[in-house]
Every structure is written in C-alpha cells, then in structure tokens.
Amino acid sequence: MTAPQESSAGPESEADLVERHPCPKCKAAPGSPCRSRSGAVTSGYHTGRFTKVPKLAKELRVPTPANRGPGQPWRPGKSVPAAVDPSLPSADIRIG
C-alpha cells in the first residue's frame, strides 16, 4: 500500500484566501482582485470580501499584493476555485 500523496502547493497567501469569495461591492468574481469604478485594481480589498475569511475578519484593511497590479487596469488571470461551504454535506466520489 502506498502513502497518500501530499499536496505540493505551498501555503495560501491572504490574497488567495480573500479571492476565493466574490466581492459584494465591486462584483469581482472569485479569483480576481477588487476593482475601482474605473476598472483599475484597488490598493486594498473591499471590507465585505475579506471579512468572509475568518482569520482576516477583524482586520481593518487587507492590501492587494504587488503581483496583482494595484492601480493598473484589471486584466483577467487564471481563475481560482470558489470556496466550498463546510456546512454542506459531502461525500467522496469514486470513479472507476
């Protein structure tokens, strides 16, 4: 029997955790940084978005990382899967 494989992905950043949720203010989809009315990436995430992450809920401001291009016009990147609600029932799916 083989040991289970460990995930090779590193720890998620605060930005990755925030971007798993849609933004109620600017309507940014999961996987995208928040945007201003002009369409530029904001310098910080909107409060309604980062308060959905329990460990960030009490922060006053969560800045947008430099690699997301704050102040620059938004350009689509790779999408991030939406967060799964832990209260929903789930089961393993076996294909084969």
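The largest nonpolar core consists of eleven residues: Ala15, Leu17, Val18, Cys23, Ala28, Cys34, Tyr45, Phe50, Val53, Leu56 and Val62. A nonpolar core is here a set of buried Ala, Val, Leu, Ile, Met, Phe, Trp, Tyr and Cys residues joined through side-chain atoms within 4.5 Å. Buried means under 20% relative accessible area, exposed over 50%, and partly exposed in between (1.4 Å probe, protein chains only). Helix α1, residues 14-18, gives the most to this core, with three residues. In soluble globular proteins, nonpolar side chains tend to be buried together.

The model is predicted: local features need pLDDT of at least 70 and side-chain atom pairs count only at pLDDT 80 or more, while totals for chains, interfaces and linings use all residues. Residues are numbered from 1 along each chain as its sequence is written, and side-chain values use heavy atoms, with hydrogens and water left out.

The chain holds two helices and zero strands; these are DSSP runs numbered from the N terminus (helices H or I, at least four residues; strands E, at least two). Of the 96 residues in the chain, 26% are buried.

Cysteine 34, a member of the core, is in contact (heavy atoms within 4.5 Å) with Cys23, Cys26, Ala28, Ala40, Val41, Thr42, Gly44, Tyr45, His46 and Arg49, leaving aside neighbours within four places in sequence.

Glutamate 19 lies in the loop between α1 and α2 (47-50). Glutamate 19 is buried, with a relative accessible area of 3%. Not counting residues up to four places away in sequence, glutamate 19 touches Pro30, Gly31, Ser32, Pro33, Tyr45, Arg49 and Arg68.
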